[in-house]
Amino acid sequence: MIKCILIFGISFLFYSCKESIPSGIIKPKKMQEILWDVLRADALSKQLVISDSARSLADESVKLTRKVFLMHNITEEQFEKSYSYYTRHPDIMRIMLDRLNAQQTRINISNKSFIQKKLTRDSAK
């Protein structure tokens with residue numbers, strides 16, 4: 001019985017000390033998805049400007065970022081407020097950025113593997 005009380009007490013302390021995300025702040029999982037799409041939109045806008053010099057990087061970036069916000073059903077204000085919150089809480093931000101980095105690493109490995117298979121197949125012809 002004492003073990004049960006001790007386990008319950010420790011669990012309660014652990015979960016009660018865990019910082020909760022305030023209302024109005026995008027939850028970490030969704031924020032991570034949004035950040036991923038914002039980063040991809042930024043990269044795409046750079047590619048579009050490289051391929052068409054008549055385009056403005058700032059204009060393309062704003063246009064694509066707004067599309068990301070629409071896609072995730074959020075406003076720019078919600079994003080800015082949430083981003084500001086997470087920059088003031090680097091422990092949470094670090095976890096999101098580490099996960100984004102891991103996601104990009106998995107994609108890079110997958111792409112590298114695909115290219116190697118293609119090159120191996122093409123050289124065998």
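Leaving aside neighbours within four places in sequence, His72 is in contact with Lys30, Glu33, Ile34 and Asp37, where contact means heavy atoms within 4.5 Å. His72 is found in the loop between α3 and α4; helices (H or I, at least four residues) and strands (E, at least two) are DSSP runs, numbered from the N terminus. With 11% relative accessibility, His72 counts as buried, the classes being buried under 20% relative accessible area, exposed over 50% and partly exposed in between (1.4 Å probe, protein chains only).

The model is predicted, so that local features need pLDDT of at least 70 and side-chain atom pairs count only at pLDDT 80 or more, while totals for chains, interfaces and linings use all residues. Residues are numbered from 1 along each chain as its sequence is written, and side-chain values use heavy atoms, with hydrogens and water left out.

Asn73 is also placed in the loop between α3 and α4. Its relative accessibility is 68%, and Asn73 therefore counts as exposed. Most residues other than glycine have a negative phi. Asn73, although not a glycine, has a positive phi of about 55°.

The protein chain contains five helices and zero strands, in the order α-α-α-α-α along the sequence. Of its 125 residues, 24% are buried. Among contacts between residues at least 6 apart in sequence, 68% join residues at least 24 apart.

The largest nonpolar core comprises 20 residues, and those with the most contacts inside it are Met31, Ile34, Phe79 and Tyr86. Such a core is a set of buried Ala, Val, Leu, Ile, Met, Phe, Trp, Tyr and Cys residues joined through side-chain atoms within 4.5 Å. Two or more residues each are given to this core by α2 (28–51), α3 (57–71), α4 (76–87) and α5 (90–124). The largest share, six residues, comes from α2.

Met31 lies in helix α2 and is buried, with a relative accessible area of 0%. Not counting residues up to four places away in sequence, Met31 touches Ile26, Phe79, Ser82, Tyr83, Tyr86 and Met96. Met31 and Met96 are 65 residues apart in sequence, and their C-alpha atoms are 8.1 Å apart in space. Ile34, with the neighbours within four places again left aside, is in contact with Ile26, Val68, Phe69, His72, Ile74 and Phe79.

Two packed helices are described by the angle between their axes and the distance between the axes. Axes are lines fitted to C-alpha atoms, for helices over the stretch in contact, and angles run from 0 to 180 degrees between N-to-C directions.

| Helix pair | Axis distance | Angle |
|---|---|---|
| α2 and α3 | within 8 Å | roughly 150° |
| α2 and α4 | 11 Å | about 110° |

Angles under 35 degrees count as roughly parallel, over 145 as roughly antiparallel, 65 to 115 as roughly perpendicular and the rest as oblique. Accordingly, α2 and α3 are roughly antiparallel to each other. The residues of the contact of α2 with α3 divide into 11 nonpolar, three polar and four charged. Here Ala, Val, Leu, Ile, Met, Phe, Trp, Tyr, Cys and Pro count as nonpolar, Asp, Glu, Lys and Arg as charged, and the others, Gly among them, as polar.

By contrast, α2 and α4 are roughly perpendicular to each other. Their contact is made by Pro28, Met31, Ile34, Leu35 and Val38 of α2 and Phe79, Ser82, Tyr83 and Tyr86 of α4. By class, this contact has eight nonpolar, one polar and no charged residues.
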